[in-house]
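Here's a friendly walk through a protein and its ligand.

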Amino acid sequence: MTIPYPNPQPMPVIPAVTPPSGASRPRVTFLGTGYLGATYAICYAELGYEVLGFDVDADKIAKLNAGEVPIHEPGLDELLRRNLAAGRLRFSTDIGETADFGDVHFICVGTPQRADGMGADLSYVEASVTSLAQRLTRKALIVGKSTVPVGTAEWVEQLVGKHTPTDLGVEVAWSPEFLQEGFAVDDVLRPNRIVVGVKSEWANGMLYAAHKGVFDLAATEDREVPLVVTDFATAELVKVAANAFLATKISFINAMAEVCEASGGDVTQLARAIGYDPRIGNRFLQAGLGFGGACLPKDIRAFQARAQELGAGEALRFLHEVDLINLRRRTRVLQLAADLLGRRSGPAGPDLSGTRIAVLGATFKPNTDDVRDAPALAVAALLHKAGADVHVFDPQGVENARRAVPELQYEATITDAVTDTDLVCVLTEWADFRNADPVALGELVAGRRVVDGRNCLDAALWTQAGWEYRGLGRP
Ligand code: UDX
């Protein structure tokens, strides 16, 4: 008999508890209706829970109550409208109402990078927990979901202790989330694991009841969702460790891309070849312009800052390298653009004045309208700074991109973006770009030169259509 390693953990025994509101299933609230909170609120109503979403932003709440999702996330609109109509879901700016309603309150507010350093800004966590705690009139469970520095749950527990009478017995737990933009609905309804950090049997039971809908759905689909019950610190660390691992995997393959560039290798074939080893795996091994978005970049920085505070800074020093490799990919695209356009680079970088460049893609990845820390938009800004006349098109992200970087020229179609350009840079791997016809596009441009910043184009097809093609980490 072979014993699998690591040994599978038996499903923990979970005590049954009655929600303090007297309802048969815990009523759940989500504080903060950004990407995380809005998606969770809507999906938990879909799972059958009575849900209230809270936010201080009256505009956002009015939109959600009117059936309008403030973000682009496939499938979410329909679920929002269906659950509003079913009466299981509503949104409010009233914290008193939120406190009265809920048995389990999930804290889903943002934890952005601090303006004055690499650490996480916890002011939204503090504000939401304090205002909620001050209005609680019965026992409840406050559960952190936001990504936070390890130690935050203990601090939240102290805050709650300060603002609620001891006899209410309000408790705290931590349960990180792992949703990916573009797949958020499925990631919430069908997560690949649930992690809970708890200190009491009651919190464990209440949190299990608040996730039972997820386990039940899995059972009807003949799946299992593993549950990891752990302490506060581990629960907090799971999230940042997972993101640090993903970021490292991407930077690893991008480091290989640099070596391929220096030696004439092809990183796409290298990635395929090593990815067949199941210990390595082929996912998150796509070399290109690197990672961006609202999580990976800020999370690896906040993780390093926190480790430093804890005296474990040495252990995460490699994450600084991971960050640098990631950022170097952006300047590499600038360099490739200059090479293709025959421009020399000086100490201040290349001079691209007098050139016209199409940038296809602004979002940090496809199937989202999110441009936060988007490598594509950062490169578009670099090209503009180098003097190029930059024309940007993105299927969903133009509005957000225009707000973030107003000095660029934004176009309504691929055709408008590429017409009369000397160079096309594909910087987000939208299907529209991957499937674009190089022959048809070739008729529109002034010069057939393309930088494939995501290694997402069929290089042979583009070359056959007369394009001078450059990928990242490819000969
Ligand atoms: C990430 C984590 O995946 C998710 O679990 C966590 O909860 C939040 O952060 P997200 O920010 O939605 O999710 O994006 P993800 O799909 O992870 O992609 C992050 C970035 O890495 C994107 O810019 C993407 O283009 C890039 N990436 C991803 C690569 O460059 N190569 C890859 O192989 C994979």
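What follows is a short tour of the ligand site, some aromatic rings and a few individual residues.

One thing to keep in mind throughout: this is a predicted model.

**Around the ligand**

Let's begin with the ligand. Its surroundings are made up of 20 residues, and the closest are Phe-178, Glu-181, Gln-286, Phe-364 and Lys-365. If you sort the shell by class, you get ten nonpolar, five polar and five charged residues. Which helix gives the largest share of the shell around the ligand? That would be α9, which spans residues 232–263 and supplies four residues.

Next, look at the oxygen atoms of the ligand.

| Residue | Protein atom | Distance to a ligand oxygen atom |
|---|---|---|
| Glu-181 | backbone N or O | 2.7 Å |
| Gln-286 | backbone N or O | 2.8 Å |
| Arg-454 | side-chain N or O | 3.3 Å |

So how much of the ligand does the protein cover? On its own, the ligand has 670 Å² of accessible area, and the protein covers 92% of that.

Phe-178, one of the closest residues to the ligand, has another neighbour worth a look. The charged end of Arg-193 sits over the Phe-178 ring, 3.5 Å from the ring's centre.

**Rings and charges**

There's a second case of a charge over a ring elsewhere: Lys-139 lies over the face of Trp-202, and the distance to the ring centre is 4.0 Å.

**Two residues with positive phi**

Now for a bit of backbone geometry. Asp-373 isn't a glycine, yet it has a positive phi of about 45°. You'll find Asp-373 in the loop that runs between β11 (356–360) and α13 (375–385). Its relative accessibility is 32%, so Asp-373 counts as partly exposed.

Asn-455 isn't a glycine either, and its phi is also positive, at about 45°. Asn-455 sits in a loop as well, the one between β15 (449–452) and α18 (459–464). Where Asp-373 is partly exposed, Asn-455 is buried, because its relative accessibility is 9%.

**Two more stops**

Go back to helix α9 and look at what comes between it and α10 (267–275): the loop there holds Asp-266. What does the side chain of Asp-266 make a polar contact with? Its partner is the side chain of Thr-268, at 2.6 Å. With a relative accessible area of 17%, Asp-266 falls under the 20% cut-off, so Asp-266 is buried.

The last stop is Arg-135, in helix α5 (residues 123–135). At 38% relative accessibility, Arg-135 counts as partly exposed. Arg-135 and Thr-98 are 37 residues apart along the chain, while their C-alpha atoms are separated by 8.9 Å.

Key: Residues numbered from 1 in each chain as written. Predicted model: local features only at pLDDT ≥ 70, side-chain atom pairs only at ≥ 80, totals over all residues. Heavy atoms only, no water. Near = heavy atom within 4 Å. Polar contact = N/O pair within 3.5 Å; in protein donor to acceptor, adjacent residues only side chain to side chain. Areas by Shrake-Rupley, 256 points an atom, 1.4 Å probe, with all protein chains shown as cover. Nonpolar A, V, L, I, M, F, W, Y, C, P; charged D, E, K, R; others polar. Lys NZ or Arg CZ within 6 Å of the ring centre and 35° of its normal. Buried < 20%, exposed > 50% of the residue type's maximum accessible area, 1.4 Å probe, protein only.
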